[in-house]
Amino acid sequence: ASDNRFLVLGKSAEGRRAAVDALRVLRADVEIVEASSQKAAARDWSGALPAVAVVAFDLEGQNGLEAARKIRALSPDTKIVVYSATVGPAMPEAARRELSELNCGVAEGPLTADTILNALDACAAQRAALRAACAAHAFT
């Protein structure tokens, strides 16, 4: 994955714009590919896979969980945040659990630099806990 490439997937132009603006607060020097679907992103994308993907749970033709599965399969190192612009039951609990198993962050409510960072921090903490658990049970 390229540290200078970010991906934003979302059905709503307003939601994508909020994600792009939030990412620009975090890193102004990155290339951001913005698309309404994974199919459109694949068409617009060339070269290295993204370091960070911010994906709406509600996408054209699929949901964010399906997109996260595909991104994770292609690029295990990409940091993925799946977001829902609404707070509450917009994202089913089963989807949250699978996103957690895929080591994806979840962000809800208005998308800001802080909500993206909090979701990425949760991923990092989960990864560290998993590594520690594996190390504790490693064969020597």
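Select D21 to begin: at 41% relative accessibility, D21 counts as partly exposed, a class that lies between buried (under 20% relative accessible area) and exposed (over 50%), with a 1.4 Å probe and protein chains only. This is a predicted model, in which local features need pLDDT of at least 70 and side-chain atom pairs count only at pLDDT 80 or more, while totals for chains, interfaces and linings use all residues. Residues are numbered from 1 along each chain as its sequence is written, and side-chain values use heavy atoms, with hydrogens and water left out.

**Helix α1**

The side chains of R17 and D21 meet in a salt bridge, at 3.6 Å from N to O; the term denotes a side-chain nitrogen of Lys or Arg within 4 Å of a carboxyl oxygen of Asp or Glu. Both residues lie in helix α1, four residues apart, about one turn of the helix. R17 is also partly exposed, at 40% relative accessibility.

Select K11 and D58. Their side chains form a salt bridge, with N and O 3.0 Å apart. D58 lies in strand β4 (residues 58–59) and K11 in the loop between β1 (2–9) and α1 (13–26), so the pair ties together parts that are 47 residues apart in sequence. Helices (H or I, at least four residues) and strands (E, at least two) are DSSP runs, numbered from the N terminus. D58 has a relative accessible area of 47% and is partly exposed; K11, at 41%, is partly exposed as well.

Move to R96 and E93. The closest N and O atoms of this salt bridge are 4.0 Å apart. The two residues are three apart in helix α4 (residues 93–101), about one helical turn. R96 is partly exposed, with a relative accessible area of 21%, and E93 is partly exposed at 48%. In total, the structure holds nine salt bridges.

Then select N103, in the loop between α4 and β7 (105–108). N103 has a positive phi of about 60° although it is not a glycine. Most residues other than glycine have a negative phi. At 14% relative accessibility, N103 counts as buried.

**The nonpolar core**

Now select L9, V54, V55, I80 and V82, the residues with the most contacts inside the largest nonpolar core, which has 40 residues. Such a core is a set of buried Ala, Val, Leu, Ile, Met, Phe, Trp, Tyr and Cys residues joined through side-chain atoms within 4.5 Å. Strand β3 (residues 50–56) gives the most to this core, with six residues. Center on V82 and display its neighbors: residues up to four places away in sequence aside, V82 touches V55, A56, F57, G64, A68, M91, L99, G105, V106 and A107, where contact means heavy atoms within 4.5 Å.

**The whole chain**

Of the 140 residues, 44% count as buried. Among contacts between residues at least 6 apart in sequence, 68% join residues at least 24 apart. With a surface display, the accessible surface comes to about 7,600 Å², of which 56% belongs to carbon and sulfur atoms; accessible areas come from the Shrake-Rupley method with a 1.4 Å probe, and for residues only the protein chains shown count as cover.
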